Amino acid sequence: MNFTLHSKKIISNRFVCLFISIITYSCIDPIEPIFDFQSDIVIINGLASTTPGSTSVKVEKTKIEFGDYVSEFISGCRVRLINSLTKEEVNFLEEDQLYRVSNVFKINPGSKWELEVILPNGNLYRSTTEVTPFEVPILGINEKFNLEMKYDEGIGGYLPGNEISIDFKDPPEDENFFLYQYKAYEKETYCKVCEYGVLRNGECLSQFDNPRLTKDYYTYTCDSRCWKISYNDEIIVYSDKFTNGKKISNLIVGKIPYTSKQNILVEIQKLNISEDSYKYYKTIKDLVDNNASLNSPLPTALIGNFTNISNPDETVLGRFTAASAVTKSIFIKRDNRTERVYGNFLELQPEVLGDPIPNPLTYEYSCEESLFRTKNLDLKFLDYFEISSLANDDIDGDEIENNSDNCISTSNSDQSDLDFDGIGDACDNDADGDGYILYYENFCGTSDFDPQSVPNDNDIDSVPDCIDEDDDNDGYIDEYEIFSDSDPFDQNSLPLDSDNDYLPDIVEREITRTNPNNPDTDGDGYIDGRECCPLNPSRN
Amino acid sequence: MKFLKFVLCISFLSISTLIYGQDYTLTVKVVDQSDNSPLDGVTILLDPCKCGGITNTNGIFSKKLKKDSYSLQIDYLGYRSVSINKDLNKNETILISMEIQEEELSEVVLLAQKRFQSTETPQMGVIELNSRELVKIPAALGEFDVLKSLTLMAGVNNTGDVSNGVSIRGGSLDQNLLLFDSAPVFNPTHLFGLFSVFTPDLISSVNIYRANIPAKYGGRIASILGIKAKTPYSDKLKLEGGIGLVSSRLTITTPIISNKLMIIAGGRIGFSDLFFPIIIPRLKNTKANFNDTTVKLLYIPNSNNQLTYTNFMSNDFYQLDLITSVENIISSSNQYDFGTSNHTLKWLHTFKNETNLTGTLIRSLYSPKNLFPEIDSDNVISFESKIDFSSIKLEYLDNKKKNFNFYSGIEINRYQVFPGNLNPGFGNSINPVNLSKEDGYETSFYSNINFNLGQRISLSSGIRLTQFSLFGPYVESQYDSNNTPLSTIFFDKNDLVVSYFNPEPRFGLNYKLGENSSFKVSYARLFQYIQNIYNTNTPLPTSRWKISDRYILPQKNDTYGLGFYKNYPDSFIELSLESYYRKTENNLTYRPGADFFLSEFLEREISPANGNSYGVELSFKKTLGKFNGVINYSWARSLLKTNEARPEYKINNNDWFISDFDRPHTINASINFENDKYNSISLNFVGQSGRPYTIANGIFERQKVQIPIYLSRNNSRLPTYHRLDFSWKISYSKNPNRKFKGDWIFTIYNLYGRKNPFNIYYTQRNGIVDGDVFLGSPLGSYELSVLRSPLVSLTYNFKFQ
């Protein structure tokens, strides 16, 4: 007994322990993606659905274009959907890099279909028969904000977002397999952004060599109501393997990243698909989403249901799926969220009267219909956004209707237009129409409201002398002309420049230290006077 | 103390009471001074007879001698030599207590005690490590680890920093039979491969057989990995333990009835709930706790019988964000809860003249569980599976002649695999699923003889006859010639579903080329009737186990070996060159889109593959000296080939392809520097060809989602894996006779901070993020490395006796 006590005492006295650990991080680093790329593999993706207008087929092939891996649309295919029982045929028409049928076409639950595609080269591909499953309605839809919705490798942390979950009653008589997709609508903030440029005649005009411009981008709002459309970038599938006949609740079917404070309307589409199709999408999910864990399934071939009839060994990617679809929508208010938005959100920065940019100032861009943008949101959805279906006729509130207002974005009830060019002075960067923009006139001390008050402009290039670096437009900048004793205001007075590289010889010898007898001292193909760094062959 | 020693001497007197005429018997029992455990293989030289021998496993050497005055020279590597004189005029028993000679003790000396065994026996492909050797191999978080240490040996690899086991000679993880005191361990790691489950302070030795596996072992085709727990030979209380960053340990050894009943009990406990979220942001929601305990009882009713009982328990609970959740079960998180409970009862009866009979009863239970707490509810859905393994074994060993030994035995194993049941708890959200139990018996009869043919040739020849039978209740699917499922057949309880009989010959030959060099050839055939099925880099604890049936045939392996061994006894250098060729059948590969979770007919998810593995292992060991250690180089390949008819199941078009365990080049080394008795420094290096993985053959887009396309498997390789570890052990007890000894072990794992990627995968591009790396590629790509910087730890270990 004594013995035991003794030992305990020793242990407690001597039991000094210390841990040192330099914190160590497991890490996830970006690396250049590598591929063992094979060209000319045919990819056919087709969907026939019980929802009108959603039946379409895409035919592509893999290709390397300028070193990038792309899939290229194959035009000129003959595509038809064949009812396996009635042999009814539905022909597809090529439209916008997609093969479509009429907007009213839909398939009925229980019907059996196969898809046939004949390539322009005559190869015939046929899918196996797909049976259209029956619809299973969504009973309830909910959303929940999750601060740690998704891990993002790029930022090395969790990103917030709204998780959409649904409830439904699984039919007990069949095995059911589902694929979930969403389409989300939010107000488009800008219909166009021009980086280092301005929007003129519908295109971004580069202002890269405008040294007076300090803003690196301009934003352009939409000229009509415009909705940004986003889609799921995750594959969500569900099988009732363990829940056949049960009421299923809280099934997360969509993850909406919190990338803006715009309210958003999410339309969940629930596709009831075949077991084979489920396996196909489950494999995609494994390849796309389930690949970053310690226990990730190892990648496998994605086996679709097309075969080349004349060459069954050919690898054909993609799948034809016959699905029944139901949808349900939920509106998520985000405008009063206090959490910080993650993402490269651009602050509103419209063109401003007085900026050193060419006339006419532009504020808006049209909302071009595309996969990612629409003007025509379904009327029933507009209510969610508490917007009347009527358009706002007077945006700036100057009581002059947009279509007769000479400056729509700025309130100008007097509609003054000094130069009668149709652009109201409140929007006109050259109000007096003398060819010199407000910025230049202010800079040179003249007035933009007086066509008689014009700045000195020796070479009449609309850039006044007080700003112009080459006042006689002879190609030699004023500073060098003065240095080499030629006249900066006289186009005929040129400095001595033996190699005609727009750097006078004396400048080459004493300032730029370049070769006065070699127009391209560093040999990079750019002449010395027209590049930033005439001594550095890797910069120009 | 003295009294105890006296008692020990007396008790061993009874062992040697044979009197032959004028000869007297001299019995020497050799024990380790620190814990009184018997030392086997100790060299005893006698003068003037110029004779001698080595001690047996009980530490006993016995010889009949004429009456004379003898001088005894007792040598044992790593211990201080003992010389004594003895006048022999009656039967004598001497107890020799040998003291460890610190500065000469080699830290990672392989085959230290039997240092010339490599050239003497026909056994090939064997690796032996004892606890003293294991303890100083630097490991992450300051604790020695059996499986991590093994990866320093020739021909042993793993999947990387996260590996739920080891790969031996190109085999998969489940092709190794891991035995802890004879009981199989189905999940050898804690925390998804971070630690081995075996209670570190309880490990006495590790043996790996890879070539001509002895006939007494079978059941897995790549190797047998036998781990022995310490036997509590002790006459006094002994405590030892350690405090580490993630886990802490305590072991107690004590006699209960002096010299009759002794116990050793040790445990380890790890809490890392706090640790992981701090160091790795990705592991924010991690919960991870584990513990393991080993208890071994030794009962010696008399000198001819010895009984041991070993109980090993291991439990883990974790929740880890880096593990993909289970599909189609709606839950707030996925938790893993798994445990092993093993029991071994062993009876050793010693007859006269070096023969003995061993009887063993074994039960191994492995019960992994997945827990799915429901959202907004207290209910927990659970998925449970279980392996209930039991075994009875009887073996007779005849060791009485020097040039001939023989053993023979019978082993009956029962595998009950409960593949899974899904339990809805008290909720009503899911339907219960209960896959029926699989019940298989593996009966083996085995026999082996070792004998010498003249001076140069020694042979080992064995046979193991195995009969495997699968019994009902069982549901079997029937297929037509195109492999389309037709119907199912139900087998009643105790109906024979399928049965396999396989003879497994084992053979080894040693030809001595000279005093210190030899040449060996070997052959072994093995069958495997249970396998772990998974389609990930490394199995999860809940991965499916399956016993052979009509469609999933027993795995078969033929190993051929060829080796050359040379020792330089004067400089303590051992060289070996071993080559092998393994031809395997019915390896498991998964089909595209395979899902094994609660899947009823696994044959629809997997494809059998033939395998070819071959390689050459070169090993250089220096067992003694201030600098000692081992350097290995292996060149090895491991290939697989399917033979499927349907195009979608053909892997790489039915051509040979490299397996996940193909590592053409591996260099591993462990170097120790022992300058004085207070400091010893070790360096470990592992360098191996990167693990094969699969890169995409194309990309296609579906609704904004970029999908990588894979047409072949293992068409690329991860970057080369290499890592250097450093360990510094400081023993500060100046007085070796102090009761309390403490030492510090300072380790730096991954000394130069190598980032070894575990996985490289593609991601969707997120705008311009990392655009400078991904450039124009439609997909981004990231590599996941478990460690990026050196991992430093300090552990305090203490010993009280």
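This is a predicted model: local features need pLDDT of at least 70, side-chain atom pairs count only at pLDDT 80 or more; totals for chains, interfaces and linings use all residues.
**View 1. Overall dimensions of chain B.** Along the principal axes, the C-alpha atoms of chain B occupy a box of roughly 95 × 55 × 55 Å. The radius of gyration of chain B is 28 Å, in agreement with the value near 28 Å for a compact globule of 801 residues. Buried residues make up 46% of the 801 residues of chain B.

**View 2. Secondary structure and contacts within chain B.** Chain B contains six helices and 50 strands. Among contacts in chain B with a separation of 6 or more, 65% come from residues 24 or more positions apart.

**View 3. The side of chain B that touches chain A.** Chain B contributes 84 residues to the contact and chain A contributes 78 residues. Elements of chain B that each supply at least two residues to this side include β17 (238-243), β47 (740-749), α6 (771-774) and β50 (791-800). The most is given by β49(B), with seven residues. By residue class, the side of chain B that touches chain A comprises 48 nonpolar, 27 polar and nine charged residues.

**View 4. Strand pairing between the chains.** Strand β1 (residues 27-30) of chain A runs antiparallel to β49(B), and four bridges join the two. Within this pairing, Ser785(B) of β49(B) stands opposite Cys27(A).

Notes. Residues are numbered from 1 along each chain as its sequence is written. Chains are lettered from A and ligands numbered from 1 in the order in which they are written. Two residues are in contact if their C-beta atoms, placed from the backbone, lie within 7 Å. Ala, Val, Leu, Ile, Met, Phe, Trp, Tyr, Cys and Pro count as nonpolar, Asp, Glu, Lys and Arg as charged, and the others, Gly among them, as polar. Two strands pair if DSSP finds at least two bridges between them. The radius of gyration is taken over C-alpha atoms; the globule rule is 2.2 Å times the number of residues to the power 0.38. A residue is buried if 20 or more other C-beta atoms lie within 10 Å of its own, exposed if 12 or fewer, and partly exposed in between; C-beta atoms are placed from the backbone.
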